[in-house]
Amino acid sequence: MRLTRTRTAKATAAAVIALPLALGGLAAQSHAQDASPSPSGTFGPGCSAISQKADTSKDKVVEAAAAYPQLSQLVAAAARANLIGTLDGKPDVTIFAPNNQAFQKVTVSQLDSLLGNQEQLKKVLTYHVVDQQITPNELPKGSFTTVEGSKLTTSGSGTDFKVNDEANIVCGNIKAANATIYIIDTVLQPPS
């Protein structure tokens, strides 16, 4: 248990430090199809680029996300919004997790404003969370109520899915102890 807390604390600290450094540029992403997608396993063009050292299926969602360097800015933002306990305490959630490239699409001034307003940051981040586990079979024409309270939609087929017709799922169906994670390439904004 102590090793887990230390690992999570180190990952969160590293992510908080990395946040300003990662704003330098927009990395190109490949949208090639995965050669052998498995609907019951992870899928998506970005799964091959994800490095994972350990199985995250027994980790709570924030610790699982911290295992993926591509989600370091999301983990840092969740810590800043004081959401780690909330997310880890929820059973059976789905997280549409913006990767670091998604945060790089947000202008520096918009990101500074968002990070400086804890309530707005919490609103944006909880818009990425659905209080139920969503399977790949539900993604083609999905409509879900988020923890923030607004609707979020999914569409697509095979291994090519979008969220709100704007964010691509680059790697999906990643398992954590209390969550399913779908990594997306855009930070979603709740409807105003």
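Buried, in what follows, means under 20% relative accessible area, exposed means over 50%, and partly exposed is in between, with a 1.4 Å probe and protein chains only. By that rule Gly-44 is buried, at a relative accessible area of 1%.

Two notes on the source. This is a predicted model, in which local features need pLDDT of at least 70 and side-chain atom pairs count only at pLDDT 80 or more, while totals for chains, interfaces and linings use all residues. Residues are numbered from 1 along each chain as its sequence is written, and side-chain values use heavy atoms, with hydrogens and water left out.

The overall layout, then. The protein has 7 helices and 7 strands; these are DSSP runs numbered from the N terminus, helices being H or I of at least four residues and strands E of at least two. In sequence order the pattern reads α-α-α-α-β-α-α-α-β-β-β-β-β-β. Of the 192 residues, 48% are buried. Contact here means heavy atoms within 4.5 Å. Among contacts with a separation of 6 or more, 67% are between residues 24 or more positions apart. The accessible surface is about 9,500 Å², and carbon and sulfur atoms hold 53% of that; the areas are from the Shrake-Rupley method with a 1.4 Å probe, and for residues only the protein chains shown count as cover.

Next, the interior. A nonpolar core is a set of buried Ala, Val, Leu, Ile, Met, Phe, Trp, Tyr and Cys residues joined through side-chain atoms within 4.5 Å. The largest one has 35 residues, and those with the most contacts inside it are Val-61, Leu-87, Ile-95, Leu-121, Leu-125, Ile-181 and Ile-183. Two or more residues each come from α2 (61–66), α3 (72–80), β1 (93–98), α5 (100–105), α6 (108–115), α7 (118–126), β6 (167–176) and β7 (179–184). Another core, of 15 residues, lies apart from this one and includes Leu-139, Phe-144, Leu-152 and Ile-184.

What does Ile-95 touch, leaving aside its neighbours within four places in sequence? The contacts are Val-61, Leu-87, His-128, Val-129, Thr-180, Ile-181 and Tyr-182.

On a 1 Å grid over the protein atoms alone, a cavity is a set of points where a 1.4 Å probe fits but cannot get out, and lining residues have an atom within 4 Å of a point. Grid points are joined across faces, edges and corners, and a volume is the space filled by probe spheres set on the points. There is 1 cavity of 30 Å³ or more. The largest cavity holds about 140 Å³ of space. Its lining has 15 residues, with Val-62, Leu-74, Ala-78, Leu-87 and Ile-95 nearest the centre. At least two lining residues come from each of α2, α3, β1 and α7.

On α3: 7 of its 9 residues are buried, so the helix is largely enclosed by the rest of the structure. The buried ones are Ser-72, Gln-73, Leu-74, Val-75, Ala-76, Ala-77 and Ala-78. Just after α3, Asn-82 has a positive phi of about 60°.

Now the aromatic rings. Rings of Phe, Tyr and Trp (its six-membered ring) pair if their centres lie within 6.5 Å; planes under 30 degrees apart are stacked, over 60 edge-to-face, and the rest tilted. That gives 3 aromatic pairs. Phe-43 and Phe-161 have ring centres 5.6 Å apart and planes at 70°, so this pair is edge-to-face. Phe-43 is in the loop between α1 (2–21) and α2, and Phe-161 is in strand β5 (residues 160–163), so the pair ties together parts 118 residues apart in sequence. Both Phe-43 and Phe-161 are buried. For Phe-96 and Tyr-182 the centres are 5.5 Å apart and the planes at 20°, so that pair is stacked. Phe-96 belongs to strand β1 and Tyr-182 to strand β7, 86 residues apart. Phe-96 and Tyr-182 are buried too. Ring pairs link Phe-43, Phe-96, Phe-161 and Tyr-182 into a cluster.

Back to Gly-44, which is in the loop between α1 and α2. Its C-alpha atom is 9.2 Å from that of Asn-173, 129 residues away along the chain.

Last, backbone angles. Most residues other than glycine have a negative phi. Asn-173, in strand β6, has a positive phi near 70°. Is Asn-173 buried or exposed? At 5% relative accessibility, Asn-173 is buried. Asp-165 also has a positive phi, near 55°. Asp-165 sits in the loop between β5 and β6 and is exposed, with a relative accessible area of 60%.

Note on methods: On a 1 Å grid over the protein atoms alone, a cavity is a set of points where a 1.4 Å probe fits but cannot get out, and a pocket is an open set with protein on both sides within 12 Å along at least five of seven lines; lining residues have an atom within 4 Å of a point.
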